[in-house]
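Here is a short report on a structure.

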Amino acid sequence: MKGVVFNLLEDAVVREHGLLAWDGLLEMAGLDGAYTSLGSYPDSEVVRLVDAASTALGLSAGEVLRWFGRSAIPLLHERYEMFFTPHKNAQSFVASINDIIHPEVRKLYAGAGCPHFHFHDLEDGRTGLAYKSPRRMCRLAHGFIEGAADHYGDRVAIEHLACMLDGQPVCRIALDWNP
Amino acid sequence: MKQEAIPLPHDAAMAVERLERLVQREREGRLQAEAIAERGLRELYESQVRLALLQRITDCANRSNDFSEAIGEVLKEICEHMNWAFGTAYRVEGYGAAVACDAWYTAEPARLFPLVEATRDRTFASGEGLPGRVLRDGHPHWIDESELATSFCRRVEAASCGIRSACGFPVLIGEEIVCVLEFFARTAMIDKDAILLTVTQAATQLARVIERERARAALLHDALHDAMTGLPNRTLLDERSRAAFERLPESREGLAVLVIDLDGFKAINDKYGHHAGDIVLIETARRFDSVITARMGGRRRGDQASWRATLARVGGDEFVVVLDALPDPAIAMDLSGALIDALKAPIQVADEYVNVGLSIGIAHSGTSYSSVEQLRQDADLAMYEAKSGGHGGVVTFSDSLGNERRNRMALESELRDAIREKQFTLYYQPIFALGKAGANTGKLRGFEALIRWNHPDRGLVEPGRFIPAAEAGGLIVFIGDWVLRQACSAMARLHRSLTERGFAPGELPYISINIAPQQFLQPTFSSHVQRVLLETGVPPELVRLEVTEGVAIIDPDQTRQVLEQVRSWGVKTSLDDFGTGYSSLSYLQNLPFDTLKIDRSFIASMDDPKSRKIIRAILDLASNLNLSVVAEGIETMEQGASLREMGCEYGQGYHLGRPLDEASAFALVWPEGTASAA
């Protein structure tokens, strides 16, 4: 997992719960917590941090991830404004997500695995988003999309049609940009 | 630094606050450092990816000589790299429109079907649509989501495919736009600088492919076209006419070959130089091409037309038109007439206007032909028939022409046997000094050697019956050689016996030998004459070589050189049949002749005052140029007397002496006393 994810999580936690909360979370997760966006760290450390937050806040891991995704967008905008400015709405921004993520991952580790979001049209006119990753962080994606809608002042209805967490081979999410 | 100068926290809360500020500063320092490093890494990564893409595109461009092959791969690479939905290309042809070349790429053909269909057969005029705007302005154009939704001409199709942005790029060779690339994305095109850098470099590689394609096409064109006129050459004509012959229906009808030869072209070349000749050929080709194009209704080969034509230049001044899929054979004759009309207006060469005529031979396909080459030969034959009329025109090959050809071919074959089996014999016609006015027949001065063919079945055959066939079949050189050698050795024999009988060298008769143009213009002719003179021992000054104006017309320079050479050994030269051909005074002035022979036709019509005037003019001319004159074909005493009156020195003809075999002819030389003593 890219270091920037840990940084974003730290920022989100600090912003909402204070500087010491992050240290507490690290302590609960048994991690030493020196993360830089230039580095890459074991996926298990994110899982442990999310589990710790889940315990501390009394939320499900999925809810923590969704909260994290939604909270991360303003932070991302602070760090990477250039990814946001070309887009006039959240739909356009979300559609470009692969273009943003792939170079960001590969610039550090040429062979690193990237999540791939496959966009397609659904018969009912909604946008389909298929996601397959061993990390199974579809809830994080859900939160990112909500955060993007917040950022552009748009509305979006998100429905999980199928989920890897329910044993499905792939997550399928329906996005309705005109709910 | 003194310790008391630094303010320290007084209590723990303040210390925590300070430590928090410290952490915050560290944090921001780290973020800045990360941002700098990330930006650098991202730029490095992107340039590596772009270089890798360009490397693949360059490799593809290096591999490919064919634009249509390279473009598909290039579109695919760019679309995949940019994550674009659809890429396509337009060729820009001479008339300033972007024409879709059915080269496109999309990873989702089914999804993009409406836009692909609305694009793949389109032609955009300059200024029209995205490709037209690129073509008009010569620089890239970008179309964003709002423009795409409102004014884009394929907006309905684009919208139905979820397209949100588009861009178009020119492919340039120098200043010329040769191709337009067009891309569509389902997201916004954000980093325009990076896109520009990448696609422009890809376009440069594509331009290289097009340049190579053009160079190849030019080479191929040069190999199949005549450099001077730009018309198809013999190779391409052969290829097309064979293909057309293969395509003939069961009836074998519908193909015609026109063989066209310019009349008077040689004279233009000789008079005004080769540059003038070239101008004539180029202008002729241009007029022919426009006539044929107009007759086909403005349609060129390859378009749907009721019939097709290939105009080719196959030799110096020889053109061929192959007409294919003719619904009516009369079209060939009509077209021939139109071609002749097209050359009626004179052609301007420098400050002069020149005229050329045409001789056209036509042959139509039919069941009797098994190859297009036979058709060409028959068209050739018809052309020669048209040319032999002297005034050009059109002749369509017919069976009777074919029979003539078969007869001539049979004759040629018999002539080959005749050469092998030595069936020729020489007759000798005496040439006399006509003597002084008022006197009687003068002294015998020489003989003209005349060939006869002693045919095993038909007896003696006159030269008029076989010499044209021998000339056409290239056999005249062998026959002429035999005549030269035979006449010289016969004369040498005669001279020996006369010398033995006490004849003074000045009293010995000369021998006049006809030399055919083909024989005369052989590069080895003069050295061959020298060898014959040495081998037979005949005195060179008693040998006269007779040539017609034909040789001078074919190659005046070579003619002068050969004449000068043989005269340098003492051989005399004679211009035969004077008055019937071009009778150009320039030939007479420039070519070294000793004798003029007035053609028999003027002698035969001597009763006509006009003929007498011509004869008088020829005699005056010869006298001024210091040439002796022999009148041919004197058949009556009156003719002989008149010529003598006019001052003609020498003559030959039935009235004076018929051609005789060697023994009878040479017997004329013996003075009666000597003859009886022998």
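Are helix 1 of chain A and helix 4 of chain A roughly parallel or roughly perpendicular to each other? The model is predicted. Two packed helices are described by the angle between their axes and the distance between the axes. Here the axes of helix 1 (residues 3-17) and helix 4 (residues 61-79) of chain A come within 9 Å. They cross at roughly 95 degrees. Angles of 65 to 115 degrees count as roughly perpendicular. Helix 1 and helix 4 of chain A are therefore roughly perpendicular to each other.

The residues that meet are known on both sides. Helix 1 of chain A contributes A:Leu8, A:Leu9, A:Asp11, A:Ala12 and A:Glu16. Helix 4 of chain A contributes A:Phe68, A:Ser71, A:Ala72, A:Leu75 and A:Leu76. By class, this contact between helix 1 and helix 4 of chain A has 7 nonpolar, 1 polar and 2 charged residues.

Now the chain as a whole. Chain A holds 7 helices and 4 strands. From the N terminus on, its elements run α-α-α-α-α-α-β-β-α-β-β. Chain A has 179 residues, and 35% of them are buried. Take the contacts in chain A between residues at least 6 apart in sequence: 58% of these join residues at least 24 apart.

Chain A also touches chain B. In this interface, 19 residues of chain B are in contact with 17 residues of chain A. The table gives the classes on the chain B side that touches chain A.

| Class, chain B side | Count |
|---|---|
| Nonpolar | 8 residues |
| Polar | 3 residues |

Notes:
Residues numbered from 1 in each chain as written. Chains lettered and ligands numbered in written order. Predicted model: local features only at pLDDT ≥ 70, side-chain atom pairs only at ≥ 80, totals over all residues. Axes fitted to C-alpha atoms, helices over the stretch in contact; angles between N-to-C directions. Helix = DSSP H or I, 4+ residues; strand = E, 2+ residues; numbered from the N terminus. Parallel < 35°, antiparallel > 145°, perpendicular 65-115°, else oblique. Contact = placed C-beta atoms within 7 Å. Nonpolar A, V, L, I, M, F, W, Y, C, P; charged D, E, K, R; others polar. Buried ≥ 20, exposed ≤ 12 C-beta atoms within 10 Å, placed from the backbone.
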